[in-house]
Amino acid sequence: MSQTIFFVGLGLIGGSLAMNVAKQENVKITGMDPNPQTLAIAKKQGVIHEHVEEFSKGVQEADVLILATPISTTIEYIKQLNDLGLNKPLLVTDVSSVKNQVLQAAQELTNPLVSFVGGHPMAGSHKQGYTAAKPHLFENAIFVLTPAKGANSSDASVLQELFSKTGARFLTLSTKEHDEMTAVISHFPHLIASSLVHQAKEWQKTHPTLEHLAAGGFRDITRIASSNPKLWQDIFFQNKKLLSHMLDDWIEEMKHMKRLLDDGEAQSTYQYLVEAKSYRDGLPIREKGAIPAFYDVYVDIHDQPGAIHKVIQLLAEKEISIKNIRILEIREGITGVLRISFQTGKEQQASYQSLLNKGYEVMIQD
Ligand SMILES: NC(=O)c1ccc[n+]([C@@H]2O[C@H](COP(=O)([O-])OP(=O)(O)OC[C@H]3O[C@@H](n4cnc5c(N)ncnc54)[C@H](O)[C@@H]3O)[C@@H](O)[C@H]2O)c1
Ligand SMILES: O=C(O)C(=O)C[C@]1(C(=O)O)C=C[C@@H](O)C=C1
């Protein structure tokens, strides 16, 4: 039986999800977005079948509603759901980076036809809009589901099936767990990245050539500061209590670091760095479990036409299958690094050796 899936917001995340849902059979996808170009391209690409102008119309026709708008807009749409006359069950989900207020709004709904399971794919980019959307954005990413009270397990299963072409792995969390963990691993780091950029900007006033020294390290740690400020303003305020708490902890930690430096505590400083390295190196990239396992190889590529193609061709000739590939933008215009992920350690070793034999600068990070 054909299902109607209504996407509200076809930007980076909504567009990327819709591209995957469009691969399913027996779905009709309707879309709504204030950007007419987005709608036109999505329609031309067959990602949506129709666009609708009015939220109420899209909702009334839909079996599944996917809200992929800025978080405060998503909350406004959820609040409208009580007032729309529905004549069939509606499964609602979202993609918001913070869940507390979204779930609160969903749990205040009294319409028995509406069921809500929150969603948050833990993948994204500093880019925005439909033009940045890509079908493989969520491949191997964790896709968090946060069911509202009253939602039954089959609702989560419907979403997992609908989003199965993303290649993401689903993980169900409570709202509290989700917001705490994303505060630590996503929102607070973003705040720090932006603060580091401000610090550099201040120093540039007295050191005009400073920006030319911004090499791999600064670019790596501050990439996310180039994200959409409006989106992140929303995220910060949606999760402000936790972020404020973390700032207190961070300030204490920085005071501790300052004391170590001021007092010449070289050994403790070394220990601090060792512990950080050990935790960072141990991030679960290859353990089995909730977080997927991958075997990565890093290859230096020079900024020449066809450079990436040659690497891929070499691996294809050796019949080594690539699970994922990503260009890490380091030292723009000079050298880039390709991160190629494999499913097994055997493939990782074989590709490492083949690339090394062909004279590539190649590295495996343990
Ligand atoms: N960017 C990321 O890395 C990332 C990752 C995971 C989740 N998210 C979440 O995804 C959501 C969307 O973020 P994004 O990165 O896709 O942003 P985006 O700016 O790329 O997309 C937002 C889309 O919503 C549309 N929109 C804005 N107001 C609207 C309205 N009133 N009605 C309908 N559509 C409207 C915009 O035109 C745009 O196409 C946010 O809630 C964010 O928290 C973002
Ligand atoms: O890769 C990036 O640019 C992101 O910021 C993605 C990122 C993250 O912090 O990991 C950002 C916000 C989302 O809610 C999920 C993923």
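The radius of gyration is taken over C-alpha atoms, and the globule rule is 2.2 Å times the number of residues to the power 0.38. By this rule, a compact globule of 366 residues would have a radius of gyration near 21 Å, and the protein, at 23 Å, agrees with it. The C-alpha trace spans about 70 × 55 × 40 Å along its principal axes.

The structure is a predicted model, in which local features need pLDDT of at least 70 and side-chain atom pairs count only at pLDDT 80 or more, while totals for chains, interfaces and linings use all residues. Residues are numbered from 1 along each chain as its sequence is written, and chains are lettered from A and ligands numbered from 1 in the order in which they are written.

The protein has 13 helices and 12 strands (DSSP runs numbered from the N terminus, with helices being H or I of at least four residues and strands E of at least two). Its domain assignment gives domain 1 (3–173), domain 2 (178–281) and domain 3 (295–363), with bounds that come from an automatic or database assignment. The centres of domain 2 and domain 3, taken over C-alpha atoms, are 30 Å apart.

Turning to the ligands, ligand 1 is surrounded by 30 residues, the closest being Gly9, Gly11, Ile13, Ser97 and Gly124 (a residue is near a molecule if its C-beta atom, placed from the backbone, lies within 6 Å of it). At least two residues of this shell come from each of α1 (12–21), α4 (71–80), β6 (114–121) and α9 (229–238). Because domain 1 and domain 2 both give residues to the shell, ligand 1 lies between them. By class, the shell holds 13 nonpolar, 16 polar and 1 charged residues (Ala, Val, Leu, Ile, Met, Phe, Trp, Tyr, Cys and Pro count as nonpolar, Asp, Glu, Lys and Arg as charged, and the others, Gly among them, as polar).

Around ligand 2 stand Ser97, Met122, Ala123, Gly124, Ser125, His126, Ser186, Ile224 and Ser227. Domain 1 and domain 2 each supply at least three residues of this shell, which has 3 nonpolar, 6 polar and no charged residues.

Finally, there is a helix pair to look at. Helix α7 (residues 175–204) packs against helix α10 (residues 240–262) at an angle of about 65 degrees, with axes 10 Å apart (axes are lines fitted to C-alpha atoms over the stretch in contact, and angles run from 0 to 180 degrees between N-to-C directions). Asp179, Glu180, Ala183, His187, Phe188 and Leu191 of α7 make the contact with Leu242, Leu243 and Met246 of α10 (C-beta atoms, placed from the backbone, within 7 Å).

Definitions and conventions. Two residues are in contact if their C-beta atoms, placed from the backbone, lie within 7 Å.
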